[in-house]
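Start with the view below, then work through the points by topic.

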Amino acid sequence: MRIGFMRMLILGGTWFLGRALAELAVGRGHEVTTFNRGRSGGDVAGVVAVRGDRGRWADLVRLVRGGPWDAVVDTSGMVPGVVRASASVLSRVAEFYVYVSTVNVYRGWPTDPLDDGSEVRAGGGRPLGENAADRYGREKAGCEVAVGTAFPGRSAVLRPSVMIGPREYAGRVPWWLRRVAGGGRVLAPGVPGWGIQPVDVRDVAEFALKVAERRLGGSFNVAAPIGSATFGDLLEACRRVTGGSAALEWVADEFLVRHGVREWVELPLWRPHAGTWRLETARARAAGLRCRPLFETVCDTWEWLCAGDADLDHEAAADVGITPTREAAVLAAWDVCRE
């Protein structure tokens, strides 16, 4: 049953998902408090903004004085110990906790197709030889455990795939839009029919709010449906909305790997593994997840970029995208290979 009015606390609330959620919740008439350091983005009109660092005990103690809340939505928790401390304090003044995790918590991602019952990484320890992606997934898994411990039977975990849309600070779709708008031969990875499942940040916000309003416990994979879009759809959408004359040159995965093109980084959203975009979302869809068409997301992202208020000064976007020189070299090698 949906709650008519809710007092909500958002841990974050000024950037991307947190901001989209705050705007949506305020628009629904909920009373929204945001808690953040105030270092990225501005406050959404209508929220009660509390400044503080969740890693500082004194700031957490000051925060809880503003409670109680019907629900907490945590869009910023990254470190298990910090999430454990904040969730423990908030368990006394909040009824329900929604933690935004990641598909990366699954042990089989990105190599294996996944569903709601797939095995999650162990949250503790630091295995030898782990890379940054593995560490990120392990730490987010540890955060999930921390939330479940502090809010037993009163929490939900959302595990999104890649979130895209307006204010995307990671810069993946913005890079493709700008590259396609630049025209010329564009290095397109793999084949146009390769299925992808990025999810619009506004659809994640809508689902997170629904989970909080209805107190839907458990874990939910959050992504666009399997088969709903392809990489070709993404790049064609970029070409349509920018009005550019780019010529897409589809280059085989094996060739890109052989020439050392960095997956996910030099060609954003490209990762040639079977499980990258095979995330089953049955539980979330049954609970009300709805995803808008990819073209709408690309169009809205381009409008945001063109509005001139795009702030992509974030470390996540710093290395995104192949350089023009490198792209030209790979395309030249591809031409020779096909002769």
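A residue counts as buried under 20% relative accessible area, as exposed over 50%, and as partly exposed in between. Met78 has a relative accessible area of 41%, so Met78 is partly exposed. The model is predicted. The protein chain holds 11 helices and 13 strands.

**Overall build**
- The radius of gyration of the protein chain is 21 Å, close to the 20 Å that the globule rule gives for 339 residues, so the chain is as compact as a globular protein of that length.
- The C-alpha trace spans about 70 × 45 × 35 Å along its principal axes.
- Of the 339 residues, 52% count as buried.

**The sheet**
- An open sheet is formed by 7 strands, with parallel pairing.
- The strand order is β3-β2-β1-β4-β5-β6-β11.
- At the edges sit β3 (48-51) and β11 (218-222), and each pairs on one side only.
- From one strand to the next, the twist averages 20°.
- Strands of a sheet pair through backbone hydrogen bonds, either parallel or antiparallel.
- Strand β1 (residues 7-11) pairs with strand β4 (residues 69-74) in the parallel sense, over 4 bridges.
- Met8 stands opposite Ala71 in β4.

**A nonpolar surface patch**
- Met78, Val79 and Tyr136 make a nonpolar surface patch of about 250 Å².
- Met78 belongs to the loop between β4 and α3 (80-90).

**Backbone exceptions**
- Most residues other than glycine have a negative phi, and most peptide bonds are trans.
- The peptide bond from Gly67 to Pro68 is cis, with omega near 5°.
- Pro68 lies in the loop between α2 (57-64) and β4.
- A cis peptide bond also runs from Trp109 to Pro110, with omega near 5°.
- Pro110 lies in the loop between β5 (94-100) and α4 (132-150).
- Arg215 is not a glycine, yet has a positive phi of about 55°.
- Arg215 sits in the loop between α6 (201-214) and β11.
- Leu269, a residue other than glycine, has a positive phi near 75°.
- Leu269 sits in the loop between α8 (253-258) and α9 (282-286).

**Buried or partly exposed?**
- Arg215 has 25% relative accessibility, so Arg215 counts as partly exposed.
- Leu269 has 0% relative accessibility, so Leu269 counts as buried.

Notes: Residues numbered from 1 in each chain as written. Predicted model: local features only at pLDDT ≥ 70, side-chain atom pairs only at ≥ 80, totals over all residues. Heavy atoms only, no water. Pairing = 2+ DSSP bridges. Helix = DSSP H or I, 4+ residues; strand = E, 2+ residues; numbered from the N terminus. Axes fitted to C-alpha atoms, helices over the stretch in contact; angles between N-to-C directions. Patch = residues over 30% accessible without salt bridge, like charges linked within 9 Å, V, L, I, M, F, W, Y side chains within 5 Å. Areas by Shrake-Rupley, 256 points an atom, 1.4 Å probe, with all protein chains shown as cover. Salt bridge = Lys/Arg side-chain N within 4 Å of Asp/Glu carboxyl O. Buried < 20%, exposed > 50% of the residue type's maximum accessible area, 1.4 Å probe, protein only. Rg over C-alpha atoms; globule rule 2.2 N^0.38 Å.
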